[in-house]
Amino acid sequence: MKLNSQSSSGLRSDCVGNLMRLSLDKALAVGNELEVEAVNGNQHIVLTPSLAAQCGYSMESDPWGNTRIYSSLLGCYVDNKVSNHITTSEAKGHAQDVKEIDAIPDASGAAHGIWKLTFYTPEPVSMVLRDAEQAGYGAMVTSTRLVMRSPYNTAETYSEEVGGVPMEVFMVSAYYQAPHGLNVVNLAAACPTGGVLFINDVISWHVPRRVTPLLDENFEVLEMHMGINGKRLDGSQMAARGYTLSTTHHHIVIEIPVGSPDGHFKSHAPDYQYHITYIVEPMLEVLWRTTDTQDDTRYKVLFPITTPLMPQPPHFQENTVPEARVFSVLLGTFLHDVVLRNITFSTGVLTVEESNARGFTIQAHNHPNGTKSFSLSVPFDSDVVLKHNPERLVTTYFLPLIFEFIILPEETPFAHPVELQASYQDVALPTITGTCDQNQFYIGVKYGNQGHNFKTMVGPRELTPEIADEYNFQGNSTHFSLILPYTAKDTAFELITSDSVITRVDLMLLDPINNWVLSDLYLSCTFPFITTTCYPNGTMTAMAVKVESVPNLSPSRLTLKDQSCKPAFSDDRSAYFSFSFFDHYMLYENEIGLYYKNKGVAYTSPVDPEYRQTVSCYYVVNETQTVAFSSKPRRYEPTAEIGSGQLMVQMRLARDSSYDLFYQAEDYPVVKYLRQPLYFEVELIESSEPNLELIVEKCWATLYEDRTSLPSWDIIVDGCENPDDSYVTIFHPVVSDARVLVPSHIKRFSIKMFTFTKEEAVLKDEVLNDGSSAV
């Protein structure tokens, strides 16, 4: 490569002080182990690590994975056309010492002019040239120079503290053949291995002001320069970067802010945790001159500095909006050498590509300062999201994650766990509907948005597959249905009469974890049921069933009045009796009792004791009773005189049961609460005929103002109360008083306030209109 040339192949070379640098793009070594050879004429010599140290070469990777190869200008296999007559001590992963020497007659074989080498450890150790080279040392003689090179930490180097700074010291005496006889040159190199302090994000590098292994006499500092990456900086460049170069009585001090653009940050993962370091390579050049001999010593050190590991735990920013039903998280920040490799979800590990293919969105975001972050979006409905319901209508979603990264180029792994959580009121509960026919209950269940994630209770039992088969279970992904005979084991008898039974089925859908009631249905229906059958042979059968109002009843303990007459058959729900009539007698029997109403408000406290009195009469079957009657013909048939005319009738709403005060037109609409009584009066007006009587034949209420509209409900039917009313109409007597002259012209009745419903839903909270017809 030519100096300072740029190649499209990804190679670049330049000079860094007295080093040559070759930079190789990382793409050149992808998937391959990089091998470097030095070309010496027709020879290609592989630069192994030991040979590189011996010959003045080094190699390193930059933060982006590119490779940098350094070669000393005085290294092996380097052809030097021009030399400077200086004494140099240099550090760049190796130490070397160079001395100007007298010319050697046989320059081409100058290296072979070295007789022996004496190393000081500090005790002297002598070796011939071949042994020294086999020990890893390098020796080179040119026409004007003697070069010695030693790797760090060899047996013949030693550590020494100079001015409080630890240094690696290499001292050697070289004996060689000169024209006037045997000559000896003393060489010394001292390279700092410490002296770095880290204070308040500032790197402070201390180098001894006097390096005693190099200087034994009085001296003065003629020049002092600072550089970065092998290149010297002037004062303005240093000021712009915040660098300082100063001296104390004992030290030369260079200060560099952590984060300076001449260095770089590097990612690390000790103990699987993310850390970073800052790496910078300052250079110090010093020119000393001894006071007595006026000898110059130029000292140059390139000293890579790496800060201690700095924990950099990733920060995650959750951007989840529950209404959007998508988890969104941003994780960062990381250095450019970090790559997201995969993510561990609750269901397993997915690579970035697999995650994106599953509908999760993973993106890398590069920031202007050279760092990066990673974002991830996962829908709530994904199978990797866990969920539970802390309340009936609320779902809490969990997304546990482990982000797994690698650091390039070393491919060092580390991970960071994140757990996301969001709650949202989004539960649609299941619903139950039910109908009946003459024999069976028909139950339908529609799932909510949680699917069939509930426990079904039919009566006291949980719906198992066996019970489901018994009740003709039919289901799909959104519904299921059941058909129960009204005599099924899980129904309850509420009331029994001589020809019917009121049976109820209870269905509840329960949360399987918290046992919350998600939905319920209590459906009562009346079914035909014959309790008594009479046969021509004088026997009868009767069926008694266990009703819900007597929960502890055992049907097997039931008897007839003759307690010796026990059931012919019984189980846990019914008892069956069979018996004969009395011989020659017929029994007529009835019962006097206080009965509670089955609909509406009971007029007797339910805690009052029952009152039942049975009355009966016995008649001899074969006895004849004679009843005589006579009739007398009428003299004439009764007739009615037919007349026609117009009668005026008004209907008013009284304020109370006294019927003294009435609501006026400006009082409407009148506000009443459910079950409050409404007192109506219908009056025939403008007539004083005492032989006329007003009869209220029909009265009804409507939801809307139009009296013919639907829905409507009959209040009075054929002059009587509606038997289907839960709270029947009450007629009030009318007597003469100062206002009422003809009581037969007035009818009074009261009803309780009610609402119209449709499929168990209230249509409105008041009755808007009523209609009536009167005769």
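This is a predicted model: local features need pLDDT of at least 70, side-chain atom pairs count only at pLDDT 80 or more; totals for chains, interfaces and linings use all residues.
Is Glu 217 buried, partly exposed or exposed?

1. Glu 217 is partly exposed, at a relative accessible area of 32%. You will find Glu 217 in the loop that runs between β17 (202-208) and β18 (219-228). Together with Asp 216, Asp 292 and Asp 295, Glu 217 forms a patch of negative charge on the surface.

2. For a contrast, look at Ile 252 in strand β21 (residues 251-257). Ile 252 has a relative accessible area of 1%, so this residue is buried. Beyond its neighbours within four places in sequence, its contacts include Trp 205, Val 207, Met 224, Leu 245 and Val 286. Leu 284 is also in contact with Ile 252; the two are 32 residues apart in sequence, with 9.1 Å between their C-alpha atoms.

3. Now to the salt bridges, of which the count is 21. One of them joins Glu 285 to Arg 232 (2.9 Å, N to O). This pair links distant parts of the chain, 53 residues apart: Glu 285 sits in strand β24 (residues 282-290) and Arg 232 in strand β19 (residues 231-232). Glu 285 is buried at 9% relative accessibility, whereas Arg 232 is partly exposed at 44%.

4. Asp 14 and Arg 12 also form a salt bridge (3.7 Å, N to O). Here Asp 14 is buried, at 5%, while Arg 12 is partly exposed, at 34%.

5. Further along, a salt bridge connects Arg 655 with Asp 667 (2.9 Å, N to O). Both residues lie in the loop between β52 (648-654) and β53 (677-685), so the pair ties together parts 12 residues apart in sequence.

Definitions and conventions:
Residues are numbered from 1 along each chain as its sequence is written. Side-chain values use heavy atoms; hydrogens and water are left out. Patches are made of residues with over 30% relative accessible area and no salt bridge: like charges are joined within 9 Å, nonpolar side chains (Val, Leu, Ile, Met, Phe, Trp, Tyr) within 5 Å. Accessible areas come from the Shrake-Rupley method with a 1.4 Å probe; for residues, only the protein chains shown count as cover. A salt bridge is a side-chain nitrogen of Lys or Arg within 4 Å of a carboxyl oxygen of Asp or Glu. Lys and Arg count as positive and Asp and Glu as negative; His and the chain ends are not counted. The place of a charge is taken as NZ of Lys, CZ of Arg, CG of Asp or CD of Glu. Helices (H or I, at least four residues) and strands (E, at least two) are DSSP runs, numbered from the N terminus. Buried means under 20% relative accessible area, exposed over 50%, partly exposed in between (1.4 Å probe, protein chains only). Contact means heavy atoms within 4.5 Å.
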